[in-house]
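Subject: Structure handover

Hello,

Here is the structure I promised to pass on. Please open it first, then read the notes below.

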Amino acid sequence: MIPTSHYLFLSLALFTIGVIGVLTRRNVIIILMSIELILNAVNINLVAFSRMFGNVNGQIFAIFVITDAAAEAAVGLGIIIAFFRNRPTVLADEMDILKW
Amino acid sequence: MFAPIEDLYRLAPELVLCTFGILVMLAEPFVPRKRSGLVAFLALLGAGAALAATRLSWAHPGTAFYGLVRVDDFSIFLHFVVGAVAVLVILGSRDYLEREGLHRGEFYALVLFATAGMGVMVSAQELVTAFIGLEISSISSYILASFRRNVPKSNESAMKYFLLGSFATSFFLYGVALVYGATGTTLLSRMDSASGNPTLLRLGLGMIFIGLAFKVASAPFQLWTPDVYEGAPTPVTALLSSGPKAAAFALLLRIFDTVFAASQLWVWAIWVSAALTMFAGNLAALVQSNVKRMLAYSSIAHAGYILVAFAARNEIGTAAVLFYLVAYALMKLGAFTMVTHLGGEGERRLEINDYAGLGSQQPAAAAFLTLYLFSLLGLPVTAGFLGKFYIFNAALKSHLVWLAVLLAINTVISAYYYLRVIVVMYMREPQKEWAATPIPRAVGLVLVLTAAGTLYLGLFPNYLMEFATQSAVLPR
């Protein structure tokens, strides 16, 4: 049996990759993907803890997180398309009408 | 298995809001273009019904759905706040939407859904429920921020709001997962009794704090605020600056007061964040030329003032937070509604210098705006003054002398940029001719209500303060 700590380190690695992705990438679609990575890191954590405690709360929570990620991705891609129609770019540093 | 009827009473405001949100969307295709006011009226009815439903659920205090949500004075108080914000925003946005050619039912439906999310947040007793509420309100606001689809500014504002908002949410979630790992429960009331890994718990609570600090726009997580507030349609800015902020503060207070470990860990974070937020908001507001951006920085500063009351960590402090949230919502809604009206078609009149000569051309508009700015500054006879007074009181009672001094310094700094707008309005000659449009009836009603509320709370705060004090006692 794989100990819980292994899952936690996997989740931490995914979380770190996600945060670095959000902070360093210029392409908004890759930023969006990095955010999804963080959400998946959360899911791994929740399911691992759920097994550790032997209660099902964490798994139910994970289902909620997956649903939320889907809703967020739908709205996010919609916003990106609306943006792209007016200004054909997906690079975060070219979104400079409003000062960052 | 059905939930007992009592549970449904306790969730009545959210049920009403969601039902009316769906009704608005269903009704919209059947209402002819010319009578689009009907959709707005239906939405207004929904928000009003939610206030009535809040009154109903007040009669049934207690927890519902196995302890997931709780109806107590605290949640009722904030339900009234977010419900009233929804009513005022819907009233104030109809004429704007008509003017900009954006009148669609979804706008109102999203406002109602966002309000339902805030309602869930303020009564949540459990972190998954809090997360769902947070996301219902956030995702609705992302869409609302991008509502002027054809305007690049609005797109950009929505994009930044979405990316940074969901990044913050993912932090919040990771924190919740760690707290669950440390204690084995997501129920706030059981966290203290669970013997868990203290390091994991602290890490988790820290990340939850970061996530929520983002939502209330406190430093150092406030950078998104000015861009989002400037680019979003102004009625949406009015909503964003009042409703979600109140709900996020409520959630912070709830966690802070229920979980002992959180109150231990967050004290210093809140102290530092309060000081930083006040300065970050006020100093940046000094150099702004755009009214919306200036008001955005001012709302960062106000988040800092509220955090000062928060740092007091006693019931007077909590009551001061609640009172200030009401006062702040009234003056910010009023100010942004006035800015919406003055902006004119396409929101072109937004520079502070564009307001030159407003005092002689549109005396009523100038008078309203002056009142809101006085209240934001905190001059006597306005709600802002008493709100600040209660915060001072709470801070001094808890011996936070330094924080109180910083608050005083910041109030002085803020006088410059609030008074500058007033000076420009009354003492400068206009450089450009602006067509003076009459104030539409609905907008006028919002202005009168917010102005009356601001003055009423400035003169007779006792009733609200009693209610706030009574609501400040959070059951552990």
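The axes are lines fitted to C-alpha atoms, for helices over the stretch in contact, and the angles run from 0 to 180 degrees between N-to-C directions. Helices (H or I, at least four residues) and strands (E, at least two) are DSSP runs, numbered from the N terminus.

Now the provenance. This is a predicted model, where local features need pLDDT of at least 70 and side-chain atom pairs count only at pLDDT 80 or more, while totals for chains, interfaces and linings use all residues. Residues are numbered from 1 along each chain as its sequence is written, chains are lettered from A and ligands numbered from 1 in the order in which they are written, and side-chain values use heavy atoms, with hydrogens and water left out.

**A helix pair**

Look at α8 (residues 198–215) and α11 (residues 260–286) of chain B. Their axes come within 10 Å and cross at roughly 50°. α8(B) and α11(B) are therefore oblique to each other.

Contact here means heavy atoms within 4.5 Å. On the α8(B) side, the contact residues include L201(B), L205(B) and F209(B). On the α11(B) side, they include L265(B), W266(B) and I270(B). By class, this contact has 10 nonpolar, one polar and one charged residues. Ala, Val, Leu, Ile, Met, Phe, Trp, Tyr, Cys and Pro count as nonpolar; Asp, Glu, Lys and Arg as charged; the others, Gly among them, as polar.

**Salt bridges**

The structure holds 15 salt bridges over all chains. The criterion is a side-chain nitrogen of Lys or Arg within 4 Å of a carboxyl oxygen of Asp or Glu. Burial also comes up below: buried means under 20% relative accessible area, exposed over 50%, partly exposed in between (1.4 Å probe, protein chains only).

- D7(B) pairs with R10(B), with the closest N and O atoms 3.7 Å apart. Both lie in α1 (residues 5–10) of chain B, three residues apart, about one turn of the helix. D7(B) and R10(B) are both buried.
- D72(B) meets R254(B) at 2.9 Å, N to O. D72(B) is in the loop between β2 (69–71) and α4 (73–100) and R254(B) is in α10 (residues 234–258), all of chain B, so the pair ties together parts 182 residues apart in sequence. Both D72(B) and R254(B) are buried.
- R293(B) pairs with D227(B), the closest N and O atoms being 3.0 Å apart. R293(B) is in α12 (residues 291–311) and D227(B) in α9 (residues 224–231) of chain B, 66 residues apart. Salt bridges that share partners join R87(A), K153(B), E156(B), K160(B), D227(B), E230(B) and R293(B) into one network.

**Backbone notes**

Most residues other than glycine have a negative phi, and most peptide bonds are trans.

- The peptide bond from A219(B) to P220(B) is cis, with omega near 0°. P220(B) is in the loop between α8 and α9 of chain B.
- A217(B) lies in the loop between α8 and α9 of chain B. Its phi is positive, about 60°. A217(B) counts as buried, at 0% relative accessibility.
- F65(B) has a phi near 50°. F65(B) sits in the loop between β1 (62–64) and β2 of chain B. At 23% relative accessibility, F65(B) counts as partly exposed.

Best wishes

Note on methods
Parallel < 35°, antiparallel > 145°, perpendicular 65-115°, else oblique.
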